[in-house]
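Here are some friendly notes to read alongside the model. Please keep the structure open in your viewer as you go through the points.

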Amino acid sequence: MKLKTTYYCQNCGTQYSKWMGQCSTCKEWNTIVEEVISKKETKNRLKTPKGRPVKLIEIDATEEYRMPTNNAELDRVLGGGIVPGSVILLGGEPGIGKSTLMLQIALQLPLNTLYISGEESPKQIRMRAERIGHDKGKMKLLFETNVQKIWHTLQQEKPEIVIIDSIQTLHSDVIESSAGSVSQIRESAGEIIKYAKQTGTPVFIIGHINKEGQIAGPKVLEHMVDTVLQFEGDRNHLFRILRAQKNRFGSTNEIGIFEMYNKGLREIKNPSKLLLTSKETDLSGTVISVAMEGIRPLLVEVQALVSPAVYGTPQRTTTGYDTKRLHMILAVLEKRMGIKLSGKDVFLNITGGIRIDDPAIDLAVAAAILSSNNDAPVSNQWAFVGELGLTGEVRPVTRIEQRITEAEKLGFERIFISRHNKINPEDYKISINGIGEIKDLQALII
Ligand code: TYD
Ligand code: MG
């Protein structure tokens, strides 16, 4: 039999007919690897199912039934529970707590759950389960990595929920290349997804991601599944954030917040103050903002460090914030306030290991930079909320009432917002400062 081979980029999954040094899709070097694919697989691929078009009005449009997972944070991120037959990919760096989260869900569910592990031995999993507790006694464990054998077991056991830990350990007989390679992951996931769709069984697939934040190997996997959840957080912090990157059955705005403790992961119901470091004194460069994560307000601390650049090119480094957005804010501060920042290093950090994309924290970022640049502390009793426009105007943000109320509830003295956010200051006990232009900020805070 003539071996059929194909070349895949191990980083993004793009397929090539010949080897190349650099992947033209993700621009990574030396990631294209030859993988052996047998003829059988190619033949299978060609079989397309026959379908018949149906009228749109004939399609049932009632809300999908959802199974609750008994975990409020996970349910919210999923959009209200698990949709039958859906395939959910749970990605995250090794050691972040993916197995712990899934095991915990499996133990708490009063359903026949099959936990398929190729990562840890049954004994290790048993020991972890003891630690977590809450065993409803219905979960079964399968230590297997061969997709065909897994399929066979699934047919016999007919579990109500399946958990695969992890996709990188699975291998299919049909493909020759090693476990974890792009073609193996694609084939194995394809079989599992087919099972989920045919039987209506929901499946969670755990996938490790690499440093760059991609599911190692297959970006393709993200397109195949219904929902992509990302489990993130700083391993040095106890907090873990569960975020939906893609969700066919819900919004991608929601996040779930957990805390890792000695008995697994604890749901954090009221996270708003969680990410603030409890500093006693006011330090320069630290400013507090109220971000929205889904429908919940979250107080975040922005830390900036501005210092003269030691080497030629000044550095701009961010953690938890978009670097391009930082460049934009620095440019606005230079142009509209005449502050010389081009010769300085700027480091920006969102504390607590969380990533914030809400533009409403722009004003806090600008304030933190000004505070560090002037070495003048900003009170930790103040909060800053506003989006920054290119002309230097402070623009209004969504859900301002909710943000003000949260800051008030947590005992802040003052909140700086855009002058264009229409609110009635009489409605609140907290002092409210409306700002029109970024250049007005300096006089107010320093
Ligand atoms: P794990 O779920 O194995 O991570 P992943 O599957 O994403 O690789 O989590 C591993 C870490 O979690 C490990 O460093 C120990 C810690 N942990 C706790 O702190 N408390 C616990 O109760 C458990 C089970 C794990
Ligand atoms: Mg694991």
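1. Let me start with Tyr 311, which is exposed at a relative accessible area of 66%. Exposed here means over 50% relative accessible area, buried means under 20%, and partly exposed lies in between, with a 1.4 Å probe and protein chains only. Tyr 311 sits in the loop between β14 (296-308) and β15 (316-319). Helices (H or I, at least four residues) and strands (E, at least two) are DSSP runs, numbered from the N terminus. From Tyr 311 to Leu 3 there are 308 residues in sequence and 54 Å in space, C-alpha to C-alpha.

2. A word on the ground rules. This is a predicted model, in which local features need pLDDT of at least 70 and side-chain atom pairs count only at pLDDT 80 or more, while totals for chains, interfaces and linings use all residues. Residues are numbered from 1 along each chain as its sequence is written, chains are lettered from A and ligands numbered from 1 in the order in which they are written, and side-chain values use heavy atoms, with hydrogens and water left out.

3. Now the overall layout. The protein chain is split into domain 1 (1-39), domain 2 (67-269) and domain 3 (276-443), with bounds that come from an automatic or database domain assignment. The centres of domain 1 and domain 3, taken over C-alpha atoms, are separated by 45 Å. There are eleven helices and 21 strands in the protein chain, and its C-alpha trace spans about 75 × 55 × 50 Å along the principal axes. Of its 446 residues, 51% count as buried. Among contacts (heavy atoms within 4.5 Å) with a separation of 6 or more, 67% are between residues 24 or more positions apart.

4. The largest nonpolar core deserves a look. By nonpolar core I mean a set of buried Ala, Val, Leu, Ile, Met, Phe, Trp, Tyr and Cys residues joined through side-chain atoms within 4.5 Å. The largest one has 46 residues, and Ile 369 and Phe 384 have the most contacts inside it. Helix α9 (residues 362-373) gives the largest share of this core, eight residues. Domain 2 (67-269) and domain 3 (276-443) each supply at least three residues to this core. Not counting residues up to four places away in sequence, Ile 369 touches Ala 304, Val 306, Leu 326, Ile 329, Leu 330, Leu 333 and Leu 341. Another core, of 31 residues, lies apart from it and includes Ile 105, Tyr 115, Ala 129 and Phe 258.

5. Why is helix α3 (residues 98-108) largely enclosed by the rest of the structure? Eleven of its eleven residues are buried, so the rest of the structure largely encloses α3. Among these buried residues are Lys 98, Ser 99, Gln 104 and Gln 108, as well as Leu 101 and Ile 105.

6. A cavity is a set of points, on a 1 Å grid over the protein atoms alone, where a 1.4 Å probe fits but cannot get out; lining residues have an atom within 4 Å of a point. The lining consists of Arg 66, Leu 78, Gly 81, Ile 82, Val 83, Ser 86, Ile 88, Thr 227, Asn 247 and Phe 249. By class, that lining has five nonpolar, four polar and one charged residues; Ala, Val, Leu, Ile, Met, Phe, Trp, Tyr, Cys and Pro count as nonpolar, Asp, Glu, Lys and Arg as charged, and the others, Gly among them, as polar.

7. Asn 146 is a loop residue, placed between β6 (140-143) and α5 (147-157). Is Asn 146 buried or exposed? Asn 146 is buried, with a relative accessible area of 6%. Leaving aside neighbours within four places in sequence, Asn 146 is in contact with His 171 and Asp 173.

8. Finally, some backbone details to check. The peptide bond from Asp 165 to Ser 166 is cis, with omega near 0°, and Ser 166 lies in the loop between β7 (161-165) and α6 (182-199). Lys 27, a residue other than glycine, has a positive phi near 65°; Lys 27 is exposed, with a relative accessible area of 52%. Arg 399 also has a positive phi, near 50°, and is partly exposed at 42% relative accessible area.

Terms used:
On a 1 Å grid over the protein atoms alone, a cavity is a set of points where a 1.4 Å probe fits but cannot get out, and a pocket is an open set with protein on both sides within 12 Å along at least five of seven lines; lining residues have an atom within 4 Å of a point.
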